[in-house]
Amino acid sequence: MRGPASVRAGRRPPWLGLGAAAWVQVAGGASSTFALYSHALKVALGADQSRLALLGVACDVGENLGLLPGVLCNRLHPALLLLIGAGACLLGYGTAWLLVSGVAPALPYWLIWFALCLATNGGAWLATAVLVTNMRNFPLSRGAVAGILKGYSGLSAAVYTAIYTGVLRDSPINLLLFLTLGIPAVCLLAMYFVQPCEPSLVETNAEQVHFLFAQMASILLGVYLVGATILDHVVTLNDIMNYSLLVIMVLLIFAPLAIPLKMTLFPKKKRPSDSHSPTTDNDHTESLLPSSSESNLGNLEEDDSFDIDILLAEGEGAIKPKRRRPRRGEDFRFREAILKADLWLLFAICFVGIGSGITVVNNLAQIGIAAGAVDTTISLSVFSFCNFFGRLGGGAVSEYLVRSRTLPRSVLIICTQVVMIVTYLLFALGQLATLYVSVALLGICYGVLLSVIISTSSELFGLKHFGKIFNFIILANPVGAYLFNTLAGYVYDLEVEKQHATTSGSDIACHGPDCFRLTFCVLSGTACLGTLLSTVLTVRVRPVYQMLYAGGSFSQPRNSAH
């Protein structure tokens, strides 16, 4: 049996993988662009709002159906997960492009539903590959890693909107073609860099500075995207200015790669006192590129074989089996975690919190039109920017809470649910004056929820089977989105019939606050339920966080034998 691998804190390959993961997260967040091409799909299919809402549900189902990549992330190399995700995006978005472009105008509704489900499911493969790999590479900084990566995913809508308005000339056809070819291209480029590496188990000042730089770089990107969006709507930009803004945006997305570049150009000098330290291991020079021989993927496979050896030894009577079940904070198997009340509380919170938020995003274009907005792309950009700040801020603030106050991260979930109660009531007013404020508040709450749930599930149930456990929890998102989208589409179509009793067609829009008022009143009520559920979860897990962060930093408990 092999001993534990030597740990080398601050190696460059994990930081290179984190920088490449930012690109993958931006590319893989394309499901949030549904509002940009939903109207084109509605016209091409001749569908009403209820059937269009179900296409939005297809995006939600695909994006959150990540149980299979969660199972395979312990068995397949991350590069293979990225390759599968790239293929799904190619086929799914390609099929939608064939319909909207008129190349294949007779494609049936059910095929488009499955195509969108497949396309967005590619994003689930991409997210699982980069999130699980990087959280294992940085096990002591899970909140920061989740916040950074999910923050870039949250900026995805704003990035695509900037490309859509500045380069693709507001064309849904060009956007779908760009998604069809662009996402696989990014995956193929990132495959070599997103790799499991020896994790850093010692927190250093340099590592904290690097995380701070990555967070500031993402904030700068978000601020730039907001400024570029406002500039595009205030003045008329020519092609040279549009492409110049695009180049600056691309360079800002590349910013996290400055960390491994700096570590290569200015390597840390080895002190004489460290010559016998096991952490250096004669590591005079390190390659900028990761090495497959240094991967911890083999450690996962060895863990599985080690479990088999224990079972065989137990069967032969060589050792006595240990029957103690894992405690919260240790590594749970999926079949053990699914029996815990904490997991089902997280599932229910996702159902009422994230599921309702997805419903608003899917109907954002129609909500804007009903409130009197002329350009609905502004709403999507505002949501994306605030969603990003929620994801990044949720990771950073929750880290402060657990380290300085030993408070559970779920305290932030309580706060977001309370804010969402008020936010949905503002939406129910149906006024243009409150539209962007409501969208901004929802974006922040949505981002905080997603970021905190990721970190919380990894701390309660461990990282070994995190992929399966987390992807099961977020299955609640499409379930909630389906129910709430069905309600929203039904209420919307009823109001359309009242306003256009003598008119027919798929291009009829609803105007006024009554289009979504009942829907938002129901969503506000579900946020009240979410507040209650998150309070119960916080009370239950408070002792766990007092144990894990008793010393002011994460203390990984010894795994139980099972």
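Reader: How do the residues lining the largest cavity divide into nonpolar, polar and charged?

Author: This is a predicted model, where local features need pLDDT of at least 70, side-chain atom pairs need 80 or more, and totals for chains, interfaces and linings use all residues. Residues are numbered from 1 along each chain, and side-chain values use heavy atoms, without hydrogens or water. A cavity is a set of points on a 1 Å grid where a 1.4 Å probe fits but cannot get out, and its lining residues have an atom within 4 Å of a point. Here the lining splits into 14 nonpolar, 16 polar (Gly counts here) and 4 charged.

Reader: Which helix gives the largest share of that lining?

Author: The lining has 34 residues, with S31, E63, S153, R391 and L450 nearest the cavity's centre. Several helices (DSSP H or I runs of at least four residues) give two or more residues each, including α1, α3 and α17. The largest share, 6 residues, comes from α6.

Reader: And which helix leads in the second largest cavity?

Author: That one holds about 170 Å³ of space. Among its 16 lining residues, A162, T165, G166, A228 and L245 are closest to the centre. At least two lining residues each come from α8, α10 and α11, and the largest share, 6 residues, belongs to α10.

Reader: Switching to D375, which residues does it touch, leaving out those up to four places away in sequence?

Author: D375 sits in the loop between α16 and α17. H233 is 142 residues away in sequence, yet the C-alpha atoms are 9.3 Å apart. Counting heavy atoms within 4.5 Å as contact, D375 touches H233 and Y436.

Conventions. 1 Å grid on protein atoms, 1.4 Å probe; cavity = no way out; pocket = protein on both sides within 12 Å on 5 of 7 lines; lining within 4 Å. Points joined across faces, edges and corners; volume = space filled by probe spheres on them.
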